[in-house]
Amino acid sequence: MSATPMEVLTRPFAVEPVTNIMLPDGIFDNALYNLRIACHYTNTSNAALSNVHLYLESVGDPGIVPVAQTFHFASIPAGAVVRVMWDAEFKNATPGKRLVSFVAKADGLDSRRTIQKIFVSQTRFDSATNSYTCTVEEGTLTASKISAIVQRPGWGKDHEGKCECPPDSGPWVPTGMTLAWAPNPAFAGVHGDLLFSDPWWKILAIIIAIIAAIVAIVAAALGAGTASFGVSGTFDETQPSVSCCTPDVGAGPKKAFTVAGVASAIATVAAAVALSDAADPFWRGQEKTPPAAGELTVGEKVVAKWSLPQAPDAGKAYTADVKWTYTRFTTGRTYEYSVSETQTNMHVSDGVDVETPATVHPFKPPWVRARFHRAGADLFKGSDLYSFALFRSPDGLYFVVPMGDDGLGFDPKANDGIYAGSLDLEQAYRLLLKDHMGVYGVWRVYVFAQDVNQTKPGTAPEIAAQHIGGFFVASAVHITFDPSLPCPLEAQGTITVA
């Protein structure tokens with residue numbers, strides 16, 4: 001028999017289970033002990049497959065311990081892409097590129113094994129120096145002297161003490177940092193090895209920023225012992241501040257950790273915008289400071305400061321006015337290069353159209369469909385996005401609902417640009433009863449999407465580095481620097497359970 005035509009065509013990515021967000025560029029970091037290994041599995045044939053089983057067979061690092069789980073699909077349409085995720089412990093993971101083996105089996109066909117790489121980093125905090133380090137096989141990046149726009153003391157509360165924003169977990173927007181790179185080993189020539197032979201060095205700075213932001217959220221949800229460090233670090237605070245005010249009617253979220261995580265992700269990737277996707281300051285600085293023959297580069301440093309005319313907003317082409325100085329330290333001398341420029345967020349969209357039923361009856365599943373528009377006329381499709389929705393019950397309990405463009409469930413057709421998901425209302429009802437809550441009334445729906453790095457394996461490193469995933473291109477959370485503006489969490493649909 002021929003092998004099952006189901007394959008993982010692009011690099012698997014990391015999802016943090018408390019906040020449900022994809023980590024920057026899908027990179028796993030062992031500072032967060034528990035992560036999900038997510039991947040898009042594609043039916044590469046022109047026919048539907050029946051009785052499909054998918055499972056993670058093994059990981060090439062004994063320090064990564066996945067939870068065994070087999071996913072079953074009664075049918076997967078031709079060309080469809082399904083998203084699956086496995087919980088795994090990364091506490092003892094070793095930094096570097098690690099192989100992961102996946103297996104697919106459909107009726108009437110042999111099993112097919114797909115092997116893909118995942119990227120693992122290691123972030124730590126040094127309280128003595130108030131700095132963070134992020135280590136990979138190619139070296140260690142140290143981030144210090146971080147300046148940021150932080151949340152106001154009143155984040156999460158309006159004048160009546162109510163708000164959609166989760167209190168004590170507000171985002172911070174970086175506006176500058178010093179990044180020191182210690183290559184392993186020292187290198188000759190203009191350019192050193194790219195991280196994992198793929199992304200720019202700046203991705204480690206973004207990993208540091210997002211992990212520093214969400215460890216507090218994870219700790220609030222799960223308690224101590226869930227990350228390698230707790231709420232750590234201080235910032236040089238700059239103006240203005242991240243604000244939140246008037247909530248939606250009936251606000252009062254309960255355990256809205258995903259909301260906090262999304263806000264933090266949107267805020268911290270301002271650093272990625274300032275440091276550019278096309279070529280980051282390390283690469284550009286290297287090009288402008290070629291060392292003399294015989295010299296080895298033993299260290300590099302980027303000191304960057306930027307201002308934001310407007311708050312970071314998912315999918316919007318907001319700008320950052322940035323100044324940075326790159327310094328190369330060699331065995332012979334020191335070289336320096338400086339830049340002043342304006343950078344623009346390249347991860348943009350033309351908005352999202354959301355469809356929900358007006359009313360459902362118990363216990364029919366409430367559903368949501370969304371079309372995410374690229375900049376221009378096209379839609380994001382299939383594996384382009386990692387998308388999910390939050391369903392908020394009338395009493396304020398949140399449920400995460402995966403969304404896919406896979407032709408399954410409430411999605412009418414695979415790869416047509418419509419992402420859909422539905423809530424198992426019976427299961428939700430059982431959880432609501434534990435908190436003495438009801439299922440009847442108005443449910444609010446919030447839709448989110450992050451772009452996925454679609455770079456094919458084998459792409460030249462300097463080309464692959466220009467493609468970075470994990471940016472929110474659509475979000476119901478909106479950050480504002482203006483306290484007079486509406487609250488940043490806005491429902492995109494409502495469903496009445498009657």
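**Note on the predicted model**

1. Strands β11 and β12 are linked by a hairpin with two residues between them. The model is a predicted one. The pairing of β11 with strand β12 (residues 139-149) is antiparallel and runs over five bridges. Within that pairing, Y132 has A143 in β12 as its bridge partner.

2. On its other pairing, β11 (residues 131-136) meets strand β10 (residues 112-126), again in the antiparallel sense, over five bridges. D126 stands opposite S131 in β11. Four residues lie between the strands in the hairpin of β10 and β11, and there N130 takes a positive phi near 50 degrees.

3. A further set of paired strands involves β16, β17 and β18. Strand β16 (residues 296-307) is antiparallel to strand β17 (residues 319-330), with ten bridges between them. In this pairing K301 is placed opposite T327 in β17. β17 also pairs with strand β18 (residues 334-344), antiparallel, through eleven bridges. F329 has T334 in β18 as its bridge partner, and three residues make up the hairpin between β17 and β18.

4. Which residues touch the most other members of the largest nonpolar core? They are Y41, L54, F90 and W306, in a core of 121 residues. Helix α1 (residues 202-222) is the element that gives the most to this core, contributing 15 residues. Another core lies apart from it and has 27 residues, including F372, F399, V401 and V473.

5. Helix α5 spans residues 425-434, and its buried residues are L425, A428 and L432. Viewed down the axis of α5, these buried residues fall within an arc of 55 degrees, so they line one face of the helix. In general, an α-helix has 3.6 residues a turn, so residues three or four places apart point the same way. R430 and K434 are exposed and sit on the face of α5 turned away from its buried side.

6. V445 belongs to strand β25 (residues 441-451). Is V445 buried or exposed? Its relative accessible area is 0%, so V445 is buried. Along the sequence V445 and Q492 are 47 residues apart, while in space their C-alpha atoms are 5.9 Å apart.

7. The largest pocket holds about 720 Å³ of space. It is lined by 30 residues, and the closest to its centre are R83, V401, P402, M403 and D406. Elements giving two or more residues to this lining are β4 (34-43), β7 (70-76), β8 (81-89), β22 (385-392), β23 (398-403) and β24 (418-422). β8 supplies the largest share, six residues. By class, the lining of the largest pocket has 17 nonpolar, eight polar and five charged residues.

8. How many cavities of 30 Å³ or more does the structure hold? There are five cavities of that size. The volume of the largest cavity is about 60 Å³. Its lining consists of I266, V269, D313, A314, G315, Y318, N345, H347, F471 and F472. Six of the residues lining the largest cavity are nonpolar, three are polar and one is charged.

Key
Residues are numbered from 1 along each chain as its sequence is written. This is a predicted model: local features need pLDDT of at least 70, side-chain atom pairs count only at pLDDT 80 or more; totals for chains, interfaces and linings use all residues. Side-chain values use heavy atoms; hydrogens and water are left out. On a 1 Å grid over the protein atoms alone, a cavity is a set of points where a 1.4 Å probe fits but cannot get out, and a pocket is an open set with protein on both sides within 12 Å along at least five of seven lines; lining residues have an atom within 4 Å of a point. Grid points are joined across faces, edges and corners, and a volume is the space filled by probe spheres set on the points. Ala, Val, Leu, Ile, Met, Phe, Trp, Tyr, Cys and Pro count as nonpolar, Asp, Glu, Lys and Arg as charged, and the others, Gly among them, as polar. A nonpolar core is a set of buried Ala, Val, Leu, Ile, Met, Phe, Trp, Tyr and Cys residues joined through side-chain atoms within 4.5 Å. Buried means under 20% relative accessible area, exposed over 50%, partly exposed in between (1.4 Å probe, protein chains only). Two strands pair if DSSP finds at least two bridges between them. The arc is that of the directions from the helix axis to the C-beta atoms.
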